[in-house]
Amino acid sequence: MIEITAEQVERVNAVLGGLQNAPNKVFYNVINRALSTVRSQSGKQIAATYEIKQSEIKRNANMRLKRATAGDLAGQIEFAGTVIPLMKFKVSPKEPRRSTVSVQVLRESGGKRLESAYVADLGRYGVGVFERLTSRRATSQQLFGPSVAHMMENENVLEQVEGSAQETVDKRLEHEISRILNGYGG
């Protein structure tokens, strides 16, 4: 959660209190810029923490953004999406082969061997990591990793993204005050 401190609110009100709606304009511009930072930094931090490409994160992410306005200073960003096939993470071997499959989802943890898993190409479904449920041939299921929403809940990812957004709030507050005092955006 990103916060605007009481001291920052007092400073804006002290400098711009005489101008009509100026404090609200400062705050909603700052909040919206922080939301943009969250959106851009989330993919970078997930890719730095997990063994997945940013392009896969973008392809599988579903972000809902509610921007702040002068009338409603609350901004919000929600992450959703489905689980991502395990094949999109670090898997060895990548091509269909009869050997033990090794996967790594988190960068900091080592690879994990999946004894009953195999890599197969199922034509229109593509290449994936599958696991046989019983000894019967037709009883396999595809294995999946976490969704983008779950990866965003990781403490390291969340801490880094929140830190970047808070830094944006602190920097942009003074910038927005000077913009309005100079006659821009006011």
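Reply: First, a definition: on a 1 Å grid over the protein atoms alone, a pocket is an open set of points where a 1.4 Å probe fits, with protein on both sides within 12 Å along at least five of seven lines, and lining residues have an atom within 4 Å of a point. The model is predicted, so local features need pLDDT of at least 70 and side-chain atom pairs pLDDT 80 or more, while totals for chains, interfaces and linings use all residues. Numbering runs from 1 along each chain as its sequence is written, and side-chain values use heavy atoms, without hydrogens and water.

Me: What volume does the second largest pocket have?
Reply: Grid points are joined across faces, edges and corners, and a volume is the space filled by probe spheres set on the points. For the second largest pocket this gives about 260 Å³.

Me: Which strand gives the most to the lining of the second largest pocket?
Reply: The lining consists of Arg-97, Arg-98, Tyr-118, Val-119, Ala-120, Arg-132, Arg-137 and Ser-140. Strands (E, at least two residues) and helices (H or I, at least four) are DSSP runs, numbered from the N terminus. With three residues, the top contributor is strand β6 (residues 117-121).

Me: How many residues of the largest pocket's lining are nonpolar?
Reply: The largest pocket holds about 500 Å³ of space and is lined by 20 residues, with Met-1, Ile-2, Leu-35, Gly-75 and Ile-77 nearest its centre. At least two lining residues come from each of α2 (22-49), β2 (76-80) and α5. Two of the lining residues are polar and three charged; the nonpolar count is 15.

Me: How are α1 and α5 oriented to each other: roughly parallel or roughly antiparallel?
Reply: Axes are lines fitted to C-alpha atoms, for helices over the stretch in contact, and angles run from 0 to 180 degrees between N-to-C directions. Helix α1 (residues 6-16) packs on helix α5 (residues 155-181) at about 10°, the axes 11 Å apart. Angles under 35 degrees count as roughly parallel, over 145 as roughly antiparallel, 65 to 115 as roughly perpendicular and the rest as oblique. The pair is therefore roughly parallel.

Me: Which residues of α5 make the contact with α1?
Reply: Contact means heavy atoms within 4.5 Å. From α1 come Gln-8, Arg-11, Val-12, Val-15 and Leu-16. From α5 come Asp-170, Leu-173, Glu-174, Ile-177, Ile-180 and Leu-181.

Me: Which strands stand at the edges of the three-stranded open sheet?
Reply: Two strands pair if DSSP finds at least two bridges between them. The order is β3-β4-β5, with antiparallel pairing. Each edge strand has a single partner, so one side of it is left without a neighbour in the sheet; the edges are β3 (90-92) and β5 (112-114).

Me: Which residue of β4 is the bridge partner of Ser-92?
Reply: β3 and strand β4 (residues 101-104) pair over three bridges. For Ser-92 the partner is Ser-102.

Me: Which residue does a cis peptide bond join to Ser-92?
Reply: Omega of this bond is about 0°. The second residue is found in the loop between β3 and β4. It is Pro-93.

Technical notes. Nonpolar A, V, L, I, M, F, W, Y, C, P; charged D, E, K, R; others polar.
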